[in-house]
Protein chains: 2
Amino acid sequence: MSRSKDNHASSAASEGWIQANYALSLATGESPESKAQSLAFEQTVELSPESVSEELVASVVGRVERLERAEGDRWRATLRFRSSLAGGSFSQLMNLLYGNISLLTGVRLLAVEWPDDLLGRFQGPSFGLEGLRDLCGVEDRRPLTCAVSKPLGLSPLQLADLVRQYARAGIDIIKDDHSLADQPDAPFRERVVLCQRAVEEVNRSEGTSAAYFPSLGGGGQELQDNLDFLRDSGCRGAVVIPFYLGLDTVSGLASESDLALLAHPSGSGVLFDEEHGVAPEVYLGQLLRMAGCDAVIYPHSGGRFRMDRATGKAISANLLADLGSLRPAVPAPGGSFDLAALDEWFDVYGPDSLFVVGGAVARANDPQKAAEKLVLTVREAFS
Amino acid sequence: MSRSKDNHASSAASEGWIQANYALSLATGESPESKAQSLAFEQTVELSPESVSEELVASVVGRVERLERAEGDRWRATLRFRSSLAGGSFSQLMNLLYGNISLLTGVRLLAVEWPDDLLGRFQGPSFGLEGLRDLCGVEDRRPLTCAVSKPLGLSPLQLADLVRQYARAGIDIIKDDHSLADQPDAPFRERVVLCQRAVEEVNRSEGTSAAYFPSLGGGGQELQDNLDFLRDSGCRGAVVIPFYLGLDTVSGLASESDLALLAHPSGSGVLFDEEHGVAPEVYLGQLLRMAGCDAVIYPHSGGRFRMDRATGKAISANLLADLGSLRPAVPAPGGSFDLAALDEWFDVYGPDSLFVVGGAVARANDPQKAAEKLVLTVREAFS
């Protein structure tokens, strides 16, 4: 069953319309038509249809383009919104696509087609796939390697020692665990200075270009101070948590700092409910890239977090796909890799990826040796 | 059934421990003990128990204090985390309480006891209940009234005319609909100037103190520019969307601007799933207050969004309850009030509240008259 409306037709991509596809799960007594209509009104004028003038309905209310039955009591609704309604900020874009309707039930944003005029308002990744390879001095088309300086509780000297071992092993990017912030065991500034110095010493003696990405957080002036400190310390990138920092803040960091941004998905799992929320391939695969993340960590389908292989592939495909003039971002599967079974995963994630191997390396008796094994396995598989 | 561990006993509030209560829903084959343990490790060291030294287990790993059976397959787990692990930022506090576990299933943060040392790191509301009453020149203990300048699609002149009518009617706070950002129909700066001028003219001629709160968004320098513009225009408060702006950014605004902040819950509904997420009374009732929101809009139990009366009361109670030395924030029920049935809701929400009556007033044939009715009803009920 399909009901399609006429008009403002084919190429959503050139006309300034955002085309958003939602899965609707109906509660008892709900009709698909009224649910789709109420979405269109709630997400724009936030008024019921009978109290909105025809003029406003024509100019700003979302339009239900298609309504199709899916499996069981589920329906698919395709809505179109004028892209100018997003107003240039991510908060408003999210408010338009998934604002008040978050407070209802059974509405999941499945897919979005973004018009060029909207994409043109967002800078996207400053580095992206090629830029990140350049930053680490990687000339081959192979996965980048990432090891994690962890866990919380170690001292700055201990963390710097791990960073040194990973750099010596030939790891491309060594990132702070995203749980490292400014805790007494390893205060932010002391940790950053020692870890950055460790990586620079190895780079000088080995002629390598390993990068240390500390975790960056805070708000207002504190965030600015932290950012200035990273840059003054010579850091070339940072780990951020977009779900808690906010996409506008991440976008500001991407366009105003010269740091590469590696996004961690902490917190974002609440979006990924099967009946209500935003699909991971939209949030992790498109929105984070639009906000300027150069690489996006997502849960690896063989790891300790739920996310099936198809979803991982969809996230990865979106991060790399054509999207206006935005640079591709690097898909970064993580969340428990078994070092002994890495080869199997190279096929899944391919050469345009960043393998985040945290625990398996950090918990080894000899982290440097474990990191060397990771580096060797990648090089052998992609030589 | 209850299993309680010894030690670091009674007064969580004075010892630098965050005490977090989670509801666990078990998947087939999951044991409550291992699920609670894995929470404690995942949210701190992000490693499995066997790879963490005893020293780190003692110093940083979360502790499972209690594990009790609830209804059906649900369990309640009380975990304690050293408050220093939150590191002073909201992103890290959220990452500690609800970070990687968001990517699992069946974990809901139900309640938190906040130690004083942690609360001391956050400024909370700059105005709060009393400050907001002062700002609007309200001397009686009665609910504040809030009308909404809407909808999207109107011109700055039309919106300013609505603001003028509401101010003349005696409304205390007139806020932008949170969907108004910087759209072509009503560009940010033009709208702010005209609406603020309208409210100031009425205040001068009537001797009143009505306030206009525009919606404020953006990231990085753009947010700073928008904020500077609001202050230069004479605005005394703003509407923000904390779920999309990020709590650290809101906290920065609260401590670095002199604006009162009215929080809108757009987007936050994804947190409120019954089995997985963060309870509304924690997020809306505590975290937004800690981040410095002076008033918090939440869905009214008789309105068009799901939220039962008990939850509304719990949010409201938390916003007003003692919480370190933080000022109380104003509970602001919204989301469809029937003007004819307001009296019934005064009992529910009480005098320490802010009634957000958007659509019912905005869609009236004579918005000023509808707003006058709202003002009169409140004054009569609380005289």
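This is a predicted model: local features need pLDDT of at least 70, side-chain atom pairs count only at pLDDT 80 or more; totals for chains, interfaces and linings use all residues.
User: Let's start with helix α12 of chain A. What span should its 12 residues have, and how far apart are its end C-alpha atoms?

Analyst: Helix α12(A) runs over residues 309-320. At 1.5 Å a residue, its 12 residues should span 16 Å. That agrees with the model, where the end C-alpha atoms are 17 Å apart.

User: Which residues of α12(A) are exposed on the face turned away from the buried side?

Analyst: Begin with the buried ones: Gly312(A), Ile315(A), Ser316(A), Asn318(A) and Leu319(A). They cover an arc of only 165° around the axis, so they sit on the same side of α12(A). The face turned away from that side carries the exposed residues, and these are Arg309(A), Ala310(A) and Ala317(A).

User: What do the buried residues of α12(A) pack against?

Analyst: The buried set includes Ile315(A) and Leu319(A). Their packing partners in chain A are two helices and two strands: α11 (280-290), α13 (342-349), β12 (295-299) and β13 (330-334).

User: Now α5 of chain A. What covers its buried residues?

Analyst: Helix α5(A) covers residues 128-135, and Gly128(A), Leu129(A), Leu132(A) and Arg133(A) are buried there. Their arc around the axis is only 165°, which puts them on the same side of α5(A). The elements covering them include β6, β10 (260-263), β12 and β13 of chain A.

User: Which residue just after α5(A) takes a positive phi?

Analyst: Helix α5(A) ends at residue 135. Just after the helix, a phi of about 65° turns up, and the residue that takes it is Gly137(A).

User: Chain A also has an open sheet of four strands. Which strands are at its edges?

Analyst: The order in this sheet is β8-β7-β6-β14, with parallel pairing. An edge strand pairs on one side only, and that picks out β8 (211-213) and β14 (354-357) of chain A.

User: In β7(A), what is the bridge partner of Val148(A)?

Analyst: Strand β6 (residues 144-149) and strand β7 (residues 173-176) of chain A pair in the parallel sense over four bridges. In β7(A), the partner of Val148(A) is Lys175(A).

User: Over in chain B, which residue in β7(B) is the bridge partner of Ser149(B)?

Analyst: β6(B) and β7(B) pair in the parallel sense over four bridges. β7(B) is covered on both faces, with Ile173(B) and Lys175(B) buried on one side and Ile174(B) and Asp176(B) buried on the other. The bridge partner of Ser149(B) is Asp176(B).

User: Is Lys150(B) buried or exposed?

Analyst: Lys150(B) lies in the loop between β6 (144-149) and α6 (156-169) of chain B. Setting aside neighbours within four places in sequence, its contacts are Glu46(A), Asp177(B), Gly358(B) and Ala362(B). Because 20 or more C-beta neighbours within 10 Å is the cut-off and Lys150(B) has 23, Lys150(B) counts as buried.

User: What is the bridge partner of Pro299(B) in β13(B)?

Analyst: Chain B has an open sheet of four strands in the order β9-β10-β12-β13, and the pairing is parallel. Its edge strands are β9 (237-240) and β13 (330-334). Strand β12 (residues 295-299) and β13(B) pair over five bridges. In β13(B), Pro299(B) has as its partner Gly334(B).

User: At what angle do helices α3 and α10 of chain B cross?

Analyst: Phe90(B), Ser91(B) and Met94(B) of α3(B) make the contact with Leu247(B), Asp248(B) and Ser251(B) of α10(B). By class, that contact has three nonpolar, two polar and one charged residues. The axes come within 7 Å, and they cross at roughly 145°.

User: Last one: which helix gives the most to the side of chain A that touches chain B?

Analyst: The contact takes 70 residues from chain A and 70 residues from chain B. Helices α2 (54-59), α3 (90-98), α8 (220-232), α9 (242-245) and α10 (247-256) of chain A each supply at least two residues of chain A's side. That side divides into 25 nonpolar, 35 polar and 10 charged residues. With eight residues, the helix that gives the most is α10(A).

Note on methods: Residues are numbered from 1 along each chain as its sequence is written. Chains are lettered from A and ligands numbered from 1 in the order in which they are written. The expected span of a helix is 1.5 Å times one less than its number of residues. A residue is buried if 20 or more other C-beta atoms lie within 10 Å of its own, exposed if 12 or fewer, and partly exposed in between; C-beta atoms are placed from the backbone. The arc is that of the directions from the helix axis to the C-beta atoms. Two residues are in contact if their C-beta atoms, placed from the backbone, lie within 7 Å. Two strands pair if DSSP finds at least two bridges between them. Ala, Val, Leu, Ile, Met, Phe, Trp, Tyr, Cys and Pro count as nonpolar, Asp, Glu, Lys and Arg as charged, and the others, Gly among them, as polar. Axes are lines fitted to C-alpha atoms, for helices over the stretch in contact, and angles run from 0 to 180 degrees between N-to-C directions.
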